[in-house]
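Subject: Structure handover

Hi,

Here is the structure we talked about. My notes follow below it.

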Amino acid sequence: MSEPIVRRLLIDLDTQPQRHWCGGDAFRTAWFNALSMSFPVGEQFFIDSVRAGVQELAEDQRARFEPAVKAFIGQEATHRRIHSLFNAHLAAQGLANHWEARALRRIRLLEAADVRAAVGATAATEHLTAIMAEHLLSDPAPLLGAEPRLATMWLWHASEETEHRATAFDLYRALGGDEKWRLRLFRLVTWHFVGDALRQTVSNLWHDGSFWRAGTWAGGWRFLFGRRGLVRSLAGPWARYRRADFHPSQQDESSAVSWLRDHATQFEVVGRPAPAASGVPT
């Protein structure tokens, strides 16, 4: 895939989403809402990490990395903004974001650490988001029946995650990042990410009144553990990160390339004039 491109998403984020906007499914809606709640603080951490990391490189290496890092920062800043707008609707529905506070506490622990720790944690998280993105782009089931504008939001985000999936990883290696620590950070990030995602999903279900419904958990079981469920689909891609010869470029990018090509009217490349559109966030 070519160098990441910063895009402005052209969807209506002013209108309040339905309470169960993901096909009327309480669990899938709560899961995606939970992920969105993590993004503003997470994206800011990724931005700060790669920005600090690239400054530690020798001048010749820095010049080589700066275009990719600039595009990475542009994409992540756009994701942060879009999900902040979406999360405001979730707050208005009475959902409480507990994930953000937990993430901020962990981020503060890294402030005095070697910059490679933050860059390595970013690379690990980017692998998790990239493989989830690949799953979303290749299987319509997770977003089946979702409000079209919100399906577009998630698939646009997924495509860009695929596009910049190697930036933090390559930077970690260029900084002399240790292989043992790469894997330690991956295990730690996976533990916290999965735990936080499930805890926030349960909290969302509690607050929206769906927690005690049998159908909620039947749908959740299918989504997580079914034949095409998240756990079964992501187990192999997750394990790829542990290989000594792993590189993010090994991930299939064809679904992301196709989605961006086929949905070019849903966004504009930053720096080009926007077509007329109603309800577009400014």
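Start at M153. Beyond its neighbours within four places in sequence, M153 is in contact (heavy atoms within 4.5 Å) with L9, I11, L13, I82, H83 and F86.

Some ground rules. This is a predicted model, in which residues are numbered from 1 along each chain as its sequence is written, local features need pLDDT of at least 70, side-chain atom pairs count only at pLDDT 80 or more, and totals for chains, interfaces and linings use all residues. Side-chain values use heavy atoms, with hydrogens and water left out.

**Core**

M153 also belongs to the largest nonpolar core, which has 73 residues. Such a core is a set of buried Ala, Val, Leu, Ile, Met, Phe, Trp, Tyr and Cys residues joined through side-chain atoms within 4.5 Å. Buried means under 20% relative accessible area, exposed over 50%, partly exposed in between (1.4 Å probe, protein chains only). W21, W31, F32, L35, L143, M153 and W154 touch the most other members. Helix α1 (residues 26-55) supplies the largest share of this core, 15 residues. Helices here are DSSP runs of H or I, at least four residues, and strands are runs of E, at least two; both are numbered from the N terminus.

**L137 and S159**

L137 sits in helix α4 (residues 115-138). S159 sits in helix α5 (residues 148-163). L137 counts as buried because its relative accessibility is 17%. S159 is buried too, at 0%.

Leaving out residues up to four places away in sequence, S159 touches L137, A256, W259 and L260.

**Helix α9**

Which residues of helix α9 (residues 230-240) are buried? They are L230, L234 and P237. They lie on the same side of α9, because they cover an arc of only 70 degrees around the axis (taken from the directions from the helix axis to the C-beta atoms). Their cover includes α1, α4 and α8 (214-225).

**Confidence**

Mean pLDDT (the predictor's confidence in each residue, from 0 to 100) is 94 for the chain, and 95% of residues reach 70 or more. Over residues 273-282 the pLDDT is below 50. That stretch still has 20 contacts in the model beyond near neighbours in sequence. Where pLDDT is low, the predicted coordinates should not be read in detail.

Best wishes
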